[in-house]
Amino acid sequence: MLRSTLFQHTLLAIALGITLALPAHAETWQIDIDTSSLAGISGSLDLQLNPGASDAQPVQVQIGHFSTDATFGGGLADGAVSGSLPGVLVLDNTAALNAWLQNLVFGSHIAFTLDINAPLTAGSGTSFAALLWDANFNPLLAATGEDAALRINLAPASAPVWISSSAVAVSTVPEPAIAYSLLAGLGLVGFVVQRARRRY
Amino acid sequence: MSRSCIVPVIFVLTSLSAAMAQAVTVTFLHHNDLHAHLTPHADLVSDTAGQPGASMHLAERGGLARLATLIKQQRAAYPASVLMNIGDTYHGGVEALYTNGNAVVDPVNALGVDIGVPGNWDFGYSPAVTRLRYGSPTAAEKRLLEASAGTIKRPTFPNLGGNVTLTTGSNAGQPLMPATKTLIIDGVKVGFIGITSDIVPEMDSVLAVGMSFLAGETAYRNYVNTNAAQLRASGAQLVVVMSELGIHKDERLADVINAGSVDVFFSAHTHEAIFEPLLGKSGARVVEAGNDGWLGRMLVTVEPGKLPTFNWTMLPVTPTLAEDPTLQALVTTARAPFLADANHDGKLDTPIALPNPAITLKLTQPINTVVGYMAAPLDRRNALESSFNDAWSEALRGYAGTDLGLTPGFRFDAVLAPGMQYEDGHVAQGNVTIEDVYRYFPVPYSMATGTVSGARLKEVVESNLSGVFSRDAFSQHGGWADGWAGVNLQVNLAANDGARVQAMTRTTGGAINPTDSLSVAGCQRPTDGSDVLCSYTGFINVVPLVNPATSAGWLVQELLTELLTQGRVNAPGAARITDSAATPLWPQQQAVQPLFSNLTSKVTTTASGLTYNRNTGLYTGTITVINAGAQALTTPLKLVLANLDPSIVLTNAQGVFYSQPFITLSALAAGGTVTVTVTFSNPQRKPVSYQTQVWNGGV
C-alpha cells in the first residue's frame, strides 16, 4: 500500500515537472504588423539584432514563415546576417549593427515568426527591433518614445521586455518540443488520475 | 640529534612561526595644515560628521598644547605609531609671518613628529627660507642664504618632497628633499613617499626661483608608481603617500596608480575633514584630517598572508583636552613678543617689523588688540561664496570707489561668529583682533586698482571657477573661489570648464557687456606689472591704492584693520552668486570643495541592446542602474561611461568627467532603480565597449 502511494506520487511529480518545464530562452513568437495605414507607401522594413556593448553574450534570432502583401524591392544586410526575406533570416548579435533592411511598398500586413535563442547570464543586453521607415527613413508606426514598431529587450537573467506599437500583435507559437512535452506531461497526469480513481 | 634536543628546537621554531604569523597594528597619526595656529580658535563643524547634512555648529578647536596631549594619549594607547605632519605648517599666523615661520618651529618640533611634508605656503617666505628650512645647502650657500633670509629654524624631523628639484646651487639636479623614507614600526617596514606642493610657481614665480616642480597627473602617477615599486622591492610591507597635492588630486592618483602599490594617501592642502576614507581603484585609501583642529588616526593591521585592514578615525582637538605644560610654555614663549605690553598702553613694548625690509608692514600693538566688531557671522568656509570675502570685497570697493572689489579665494580662515554658541555653551562675542586680521591675510600684499573689460572679467571668473570646480582634479589650482563685490554672477557649476558663467550683472543694475570697462580694487604682489591684479593678467593701468595718511600704498592688513576700526566692514547682504545647477555645497556635501565619491561598487548596471536609426545615424538604448546598497545615493549623481572608443561618441552626454562622458542620474533610494537613455554615434560601426562608473558628490 505504502509503496503504491509512493509510486503514484512520484509519477505525478514527474508528470507535472514535464508539463511545467518549458524552455526559458528558446521561444517562438508570431508577429503580426498591421500596415494597412501605410498601404502604397514606399519605405522599408528594418530587422535589427544589436548588442548593448561588446560584452553581450551571443544571441541569435531566426525570422521565418514570413508573409506579406507588400511589394518587395531589394534587401541589404549589415553585420551578422544570413538568409534573406521572404525566406528564413538568421541574425546574430556579434557586430555593432546586425540588420536586414528590406525595401518595399507597404501592403496591409507583415507577419513572421521569431525564434529567439538568448541564454543570457551576464553582460550587456541585446535588443531585437522591427523598424518601419518611409523613403526618407522617418519612423513609421513607432511605439511611444521609440523609433521601432517593436523592440524586444533581452537581458541577463530576466524575461524579455516587449515594447510595441498598437499596430503590432504578438502571440506565442508553442515549439514542437514544448508541445510534445506538454502532451506527454498531460498524458501522464491523466494516467495517474485514472489509476487513482480505479483504486478508490 | 637526541630526542631531548628535538623538543626544545620544535618549541622554538613553533614559537617563532607563531610570532611571525601574529598580526601587528601600525598606527598612523595624521596631522595636517596647522597654518601656524599656535592657540585654539573657533571652527565651524558639520553636525553630521561628513555625511550630507544641512547644519553646522561653532566649536573651539586646535591649540598645540591640547594637540600635544591628544598625541600623547594616542601614542600611549597605540605604541606602534608614527606621527606625520603634512601641509602648511610654518605659515598662516601673525607670529609666523613676522619671523619667517621661526616662531612655530620649536613648538612643532616638541610634538614629536616622526616625518613630514611641507605645504605650499611653507614656500611662501622666499626660496632662501625654503632652502634653509628644508634643503641641504653647503656651509657657503647657507651663509649666502642667511644673508638675505636671516637665521631660519629647521624642523628636527625629516621632511619629504622629491617632486621639487633644485635647479641652482651645488645640489642642482637633486631633489630639495628626499622622495621616500623607510621606518620600521613594531617590526613592520613602512615606506613613506612624500609629495610637497605642485602649485608654488602659480602662487608667485618668485617663490619658485631655483626650483622645478613636477606638474600634471601623468608625472605624479609615475612618481608614485616608481617610488612605491622601489619601496616594495626593498621589503616595505606598507607603503603610504604623504601628499600636499590635496585630496582631490590624491583621490585621482589612487584611481590611476598601479593596483596594490600604495596602501594609504594621507592628504593635506585642501583642509577637508574626511570621516570615511575614499577608496581608489588601485585599492589605496585616501584621507585628509581637516586642518588645524583635528588629528586623524589610521590603524593598519598587517598579518602575513592577508591583506592589511584599515580603521580610520577623526579625533577633534577640543577644550576637554588638558593643555600639555611643555607645549604651553613653548607657545607662550613664541607669542610673548607679540603680546608684550608692559606699560599697558596698548602698544607693543618693541614694535616688530617684517624680516623682509622691503615691505613696510609693522606690528605696533599687541596682537590681541580688538580692532573691530562683527555683528553677524563671518567666515571663509565656502568654496563658492563666503561671508568674509563678500564683506571685505564690498568694503574694499566702497573705500576705493571702484565698480568692483576683488579678494583672493584663500583657504585661510578665522571664524567670527558673534551670537553663535560654542560647544561648551559660551557665546561668541564678535570681537575682531589683529591676530584675526592676520589669520585671514597672513600674506603681505599691496592693494591696487585697475580696469578690466567685461570680456576679460568673464574669462577671469571662468578661470577661477575651473580652478575650484573642475571635475579634473589636476585642472584645479589655487584655493577656493575669489570674492567679488559690485557684480552678481549667474553660474552653472555643473557645466564644463570654461562654460560656467551664464550672466554677469552690476549690483547697481544692468548687465555687464563684453565691451564694458570696469574699475576694480584688488591686490598686487611686489613683482606684478601694471596689467596684473590679484594674479590675473589682462587688467589695465593697475596702480597702488594709496594711504593718504602716509602717501604709501596700503597693505591688505593695514587697510582691513583701518576699515574694521571705522566700522566699514559689514555683514554682507544677499548672495551675489547664484548657481543654476543648485549644486549642494558643504555641509550638504562632505567636502567644502566638492569632492567626488566613487559608488560603482554599490550599484549594478545593465545595458539594453541598441537600436540603429538610419535617419540620424545614431544608436539608442538604455542603461539601468540599481542601487544595490542599503544607503540612499544622493545627488549630484553621475553615470560615467569610461574608456569608450574615441570614434564612438555618447551624443546625449551632459558633461565630461576626466574626459569621460557622463549622464546625470536622479537620487536613488536603497534598492531603487533608474533607467537612462544612451545615444551613440558610431560611424565606424565598431564594437561598443565601455565601463560604467557611478559617482556622486562633486559638481
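This is a predicted model: local features need pLDDT of at least 70, side-chain atom pairs count only at pLDDT 80 or more; totals for chains, interfaces and linings use all residues.

In chain B the secondary structure amounts to 14 helices and 39 strands, and the C-alpha trace spans about 90 × 85 × 55 Å along its principal axes. A compact globule of 699 residues would have a radius of gyration near 27 Å, and because chain B has 27 Å, the value agrees with that expectation. Of these 699 residues, 51% count as buried, and among the contacts of chain B with a separation of 6 or more, 72% come from residues 24 or more positions apart.

In one, the strands follow the order β22-β19-β25-β21-β26 of chain B, with mixed pairing. Its edges are β22 (483-485) and β26 (540-544) of chain B, each of which has a single partner strand, so one side of each is left without a neighbour in the sheet. Neighbouring strands of this sheet are turned by 20° against each other on average, direction ignored. Helix α11 (residues 387-400) of chain B lies across β19, β21, β22 and β25 of chain B and runs at about 135° to β19(B).

The other sheet has the order β30-β39-β34-β37-β36 in chain B, and its pairing is antiparallel. Here β30 (596-598) and β36 (655-657) of chain B stand at the edges with a single partner strand each, which means that one side of each has no neighbour in the sheet. From one strand to the next, the twist averages 40°.

Strand β3 (residues 56-62) of chain B, which pairs with β2(B), is mostly covered, with five of its seven residues buried.

| Strand pair | Bridges | Residue pair |
|---|---|---|
| β2(B) and β3(B) | seven | B:Asp43 and B:Ala59 |
| β19(B) and β22(B) | three | B:Leu406 and B:Trp484 |
| β30(B) and β39(B) | three | B:Phe596 and B:Gly697 |

Among the helices, α14 (residues 556-565) of chain B is mostly covered, since eight of its 10 residues are buried. These buried residues include B:Val556, B:Leu559, B:Leu560, B:Leu563 and B:Leu564, and also B:Gln557 and B:Glu558. Just after α14(B), B:Gly567 takes a positive phi of about 70°.

In soluble globular proteins, nonpolar side chains tend to be buried together. The largest nonpolar core of this model has 162 residues, and B:Val104, B:Val240, B:Val241, B:Met242, B:Val262, B:Phe265 and B:Phe266 are those with the most contacts inside it. Leaving aside residues up to four places away in sequence, B:Val104 touches B:Ala36, B:Leu38, B:Thr89, B:Tyr90, B:Glu95, B:Ala96 and B:Ala334. Another core, of 67 residues, lies apart from the largest one, and A:Val59, A:Ala118, B:Ile648 and B:Phe680 are among its members.

Where chain B meets chain A, 18 residues of chain B are in contact with 25 residues of chain A. On the side of chain B that touches chain A, the elements giving two or more residues are β31 (603-607) and β32 (611-613) of chain B, and β32(B) gives the most, with three residues. The residues on this side of chain B divide into six nonpolar, nine polar and three charged.

Note on methods
Residues are numbered from 1 along each chain as its sequence is written. Chains are lettered from A and ligands numbered from 1 in the order in which they are written. Helices (H or I, at least four residues) and strands (E, at least two) are DSSP runs, numbered from the N terminus. The radius of gyration is taken over C-alpha atoms; the globule rule is 2.2 Å times the number of residues to the power 0.38. A residue is buried if 20 or more other C-beta atoms lie within 10 Å of its own, exposed if 12 or fewer, and partly exposed in between; C-beta atoms are placed from the backbone. Two residues are in contact if their C-beta atoms, placed from the backbone, lie within 7 Å. Two strands pair if DSSP finds at least two bridges between them. Axes are lines fitted to C-alpha atoms, for helices over the stretch in contact, and angles run from 0 to 180 degrees between N-to-C directions. A nonpolar core is a set of buried Ala, Val, Leu, Ile, Met, Phe, Trp, Tyr and Cys residues joined through C-beta atoms within 7 Å. Ala, Val, Leu, Ile, Met, Phe, Trp, Tyr, Cys and Pro count as nonpolar, Asp, Glu, Lys and Arg as charged, and the others, Gly among them, as polar.
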